[in-house]
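Welcome! Here is a short briefing to read alongside the model. Please take a look at the sequence and the structure first.

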Amino acid sequence: HMPQGCATWPAWWLVGPDWPNGGEIDIIEGVNDQAQDQSTLHTSAGCTMPSGSNSFTGIPMYTDCDAYDNNNSGCGILCNSTSSFGPA
């Protein structure tokens, strides 16, 4: 399990050169007492995640990956399991 609690933001992420043009992928990320892992892409304008019927095993969040839209939320998938992150 990942560290959890007030004011924590544990994550494992990779970032390319010249952010956000080179992209960023948050492989594991959660904030405070979040119980579900979220994986997210942050990019420059023009990159989107398909909406509607897809083969994701989690819950799609925003579909616009642009780091300058939606307060840098990016496009991500929230894991279905409530035990994938945070407290045991």
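Trp12 sits in strand E1, where strands (E, at least two residues) and helices (H or I, at least four) are DSSP runs numbered from the N terminus. This is a predicted model, in which local features need pLDDT of at least 70 and side-chain atom pairs count only at pLDDT 80 or more, while totals for chains, interfaces and linings use all residues. Residues are numbered from 1 along each chain as its sequence is written, and side-chain values use heavy atoms, with hydrogens and water left out.

**A nonpolar patch**
- Together with Leu14, Ile25 and Leu41, Trp12 makes a nonpolar surface patch of about 380 Å².
- Patch residues have over 30% relative accessible area and no salt bridge, and nonpolar side chains are joined within 5 Å.
- Accessible areas come from the Shrake-Rupley method with a 1.4 Å probe, and only the protein chains shown count as cover for residues.
- A salt bridge here is a side-chain nitrogen of Lys or Arg within 4 Å of a carboxyl oxygen of Asp or Glu.

**The sheet**
- Five strands form an open sheet in the order E1-E2-E3-E5-E4, with antiparallel pairing; two strands pair if DSSP finds at least two bridges between them.
- Its edges are strand E1 (11-15) and strand E4 (59-60), each of which pairs on one side only.
- E1 and E2 are antiparallel and share 5 bridges, with Val15 opposite Glu24 in E2.
- Glu24 also has His42 in E3 as a bridge partner, and 3 bridges join E2 to E3 in the antiparallel sense.
- E4 pairs with strand E5 (residues 75-78) over 2 bridges, again antiparallel, and Ile59 has Leu78 in E5 as its bridge partner.

**The largest pocket**
- The largest pocket has a volume of about 270 Å³, which is the space filled by probe spheres set on its grid points.
- Of the 15 residues lining this pocket, Trp9, Asp26, Glu29, His42 and Asn72 are the closest to its centre.
- A pocket is an open set of points on a 1 Å grid where a 1.4 Å probe fits, with protein on both sides within 12 Å along at least five of seven lines, and lining residues have an atom within 4 Å of a point.
- E1, strand E2 (24-29) and strand E3 (38-42) each give two or more residues to the lining.

**Backbone details**
- Most residues other than glycine have a negative phi, and most peptide bonds are trans.
- Ala7, in the segment before E1, has a positive phi near 70 degrees.
- Trp19 and Pro20 are joined by a cis peptide bond with omega about 5 degrees, and Pro20 lies in the loop between E1 and E2.

Note on methods. Patches are made of residues with over 30% relative accessible area and no salt bridge: like charges are joined within 9 Å, nonpolar side chains (Val, Leu, Ile, Met, Phe, Trp, Tyr) within 5 Å.
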